[in-house]
Amino acid sequence: MTGPVLEAIDISQYLGDGAARFQALDAVNLAIAGGELTLLMGPSGSGKTTLLSILGCMLTPSSGTVRVNGHPTAGLEPGDLARLRRDNIGFVFQSYHLFQTLTAIDNVRIALDIRGESSDRSTQKATEVLAIVGLAHKAGSYPRELSGGEQQRVAIARAIVGDPSVLLADEPTAALDAENGRAVMSVLARIARDSARGVLVVTHDPRISSFADRVVHIEDGRIISDSRAAGSQKVA
Ligand SMILES: Nc1ncnc2c1ncn2[C@@H]1O[C@H](COP(=O)(O)OP(=O)(O)OP(=O)(O)O)[C@@H](O)[C@H]1O
């Protein structure tokens, strides 16, 4: 059995200075396994985004260790940290951050073009991941021609086209209606199960907990529960 794809070990985080100094995370331990969709839930201000930023190597913790595919991040030069992040971690945000002037396939391809992949290879891989998110037939559509849920699925395709071992999603369904939210969660759950990737989704949305293999609750910067979903929803 392989180890976790992403680990937070004894992470504490202080934000702000002086009288505004605030402990956002308090000795948090979380290991994300490949092949699973984990939900991170908790009230506003509980530390979810702070933890996601630390796991995504975008924020350096005040103390503790992050391991990406077993590699500790502490002490890495910025360039090495950026490479580790780029090669291992995909990001999905609440707003899709698509280029409005590019088609769906070009929005996906761009993630490979900037890594220097050949044009043919980029097109082939982008076509494959658009099929995974169920949008092969929309490859030539511009974002304005797509629903919010379809745009989010293009953003997911872009996040996985570089074949990361873990996908981090911050409130990916917050801007979507129930049906589109379910379609996005179904795609994320399938990506976790079919590809042995770890998927971590930060959400407020209790409607989507049925898609999870595991639900972690955080409050006041501490993990207060961590449970396996008994009957997580089957994905198409
Ligand atoms: N720069 C900062 N200085 C001081 N406190 C901060 C700073 N940034 C965030 N915080 C505080 O840290 C806490 C955790 O914030 P975080 O954004 O991680 O919470 P969250 O659970 O993601 O909230 P939400 O669900 O509202 O997005 C909050 O109480 C927030 O006010």
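Select helix α5 (residues 148–160) and helix α6 (residues 178–195): their axes come within 8 Å and cross at roughly 20°. That makes α5 roughly parallel to α6, as angles under 35 degrees count as roughly parallel. Axes here are lines fitted to C-alpha atoms, for helices over the stretch in contact, and angles run from 0 to 180 degrees between N-to-C directions. Helices (H or I, at least four residues) and strands (E, at least two) are DSSP runs, numbered from the N terminus.

This is a predicted model: local features need pLDDT of at least 70, side-chain atom pairs count only at pLDDT 80 or more, and totals for chains, interfaces and linings use all residues. Residues are numbered from 1 along each chain as its sequence is written.

Stay on the helix pair. The crossing of α5 and α6 is right-handed; that is, the near helix is turned clockwise from the far one by less than a right angle. Now show the contact residues. From α5, pick Gly148, Gly149, Gln152, Arg153, Ile156 and Ile160; from α6, pick Asn180, Ala183, Val184, Val187, Leu188 and Ile191. Contact means C-beta atoms, placed from the backbone, within 7 Å. Colour these residues by class: seven are nonpolar, four polar and one charged. Ala, Val, Leu, Ile, Met, Phe, Trp, Tyr, Cys and Pro count as nonpolar, Asp, Glu, Lys and Arg as charged, and the others, Gly among them, as polar.

Next, select the ligand. Around the ligand are 13 residues, the closest being Gly16, Ser44, Gly45, Thr49 and Thr50. A residue counts as near if its C-beta atom, placed from the backbone, lies within 6 Å. Both β2 (22–32) and α1 (48–55) supply at least two residues of this shell. The largest share, three residues, comes from α1. By class, the ligand shell has four nonpolar, eight polar and one charged residues.

Move to the open sheet. Its four strands run in the order β2-β1-β4-β5, with antiparallel pairing. Strands pair if DSSP finds at least two bridges between them. The edges are β2 and β5 (71–72), each pairing on one side only. Zoom in on β4 (residues 63–68), joined to β5 by two bridges. Here arginine 67 stands opposite proline 72.

Finish at β9 (residues 214–219) and β10 (residues 222–228), antiparallel strands joined by six bridges. Isoleucine 218 stands opposite isoleucine 223 in β10. Two residues lie between the strands of this hairpin, where aspartate 220 takes a positive phi near 50°.

How values were computed. Parallel < 35°, antiparallel > 145°, perpendicular 65-115°, else oblique. Contact = placed C-beta atoms within 7 Å.
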